[in-house]
Amino acid sequence: MSNDSSLTPFFHWGDCKSNDEKNPDVLRIVVVEAEPFATAYSTNIKAEVDDKGLYIIPLHNFESANKALLNEFSKMWKSGKIKDGSSVKVNTWLGVSTRNPDKKLRRWKISSTS
């Protein structure tokens, strides 16, 4: 199994612009490699995103303290709710930081659809 990130583009969370938890950006993904793997900058999975193709999806950027997506995904993966081939829906939006109200913080909700 190869994680050659030079061939597969990275998904950019910054392309998701919603600021509203009630109207989040929704990604429908099919997980290709459910076991998270590390690159120089992040912990990732490989997945097909909607109809956009294969991407490396960062679950946690090492420069960020925000581990919410990595923690939630890992919990679902370890419990068997997510595995290779699973269909997953990820809702994401920019929320307000609880520690610093002036700062935006990316939020996520993951649900298994298969």
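Val 96 stands opposite Lys 104 in strand β5 (104-112) of this predicted model. Strands and helices here are DSSP runs numbered from the N terminus, a strand being a run of E of at least two residues and a helix a run of H or I of at least four. The two strands β4 and β5 pair in the antiparallel sense over nine bridges, where pairing requires that DSSP finds at least two bridges between the strands. Strand β4 covers residues 87-96 and β1 covers residues 25-38. These strands, β1 and β4, also pair in the antiparallel sense, over six bridges, and Asp 25 stands opposite Thr 92 in β4.

Strand β2 (residues 42-49) pairs with strand β3 (residues 53-61) over eight bridges, again in the antiparallel sense. Glu 48 stands opposite Leu 54 in β3. The hairpin of β2 and β3 has three residues between the strands, and in this hairpin Asp 50 takes a positive phi near 40°.

Residues are numbered from 1 along each chain as its sequence is written. Because the model is predicted, local features need pLDDT of at least 70 and side-chain atom pairs count only at pLDDT 80 or more, while totals for chains, interfaces and linings use all residues; side-chain values use heavy atoms, with hydrogens and water left out.

Helix α1 spans residues 68-78. Its buried residues are Leu 69, Leu 70, Phe 73, Ser 74 and Met 76, buried meaning under 20% relative accessible area, exposed over 50% and partly exposed in between (1.4 Å probe, protein chains only). Seen down the axis of α1, these buried residues fall within an arc of 165°, so they line one face of the helix; the arc is that of the directions from the helix axis to the C-beta atoms. The face turned away from the buried side carries the exposed residues Lys 75 and Lys 78. The buried residues of α1 pack against β1, β2, β3 and β5. Gly 80, which follows α1, has a positive phi near 85°.

Leu 70 lies in helix α1 and counts as buried because its relative accessibility is 14%. Leaving aside neighbours within four places in sequence, Leu 70 is in contact (heavy atoms within 4.5 Å) with Thr 43, Leu 59 and His 60. The C-alpha atoms of Leu 70 and His 60 are separated by 5.7 Å, and the two residues are ten apart along the chain.

The structure holds one cavity of 30 Å³ or more, and about 70 Å³ of space lies in the largest cavity. On a 1 Å grid over the protein atoms alone, a cavity is a set of points where a 1.4 Å probe fits but cannot get out, a pocket is an open set with protein on both sides within 12 Å along at least five of seven lines, and lining residues have an atom within 4 Å of a point. Grid points are joined across faces, edges and corners, and a volume is the space filled by probe spheres set on the points. The lining of the largest cavity includes Trp 13, Leu 69, Phe 73 and Ile 110. At least two lining residues come from each of β1, β3, α1 and β4. The lining divides into eleven nonpolar, no polar and no charged residues. Ala, Val, Leu, Ile, Met, Phe, Trp, Tyr, Cys and Pro count as nonpolar, Asp, Glu, Lys and Arg as charged, and the others, Gly among them, as polar.
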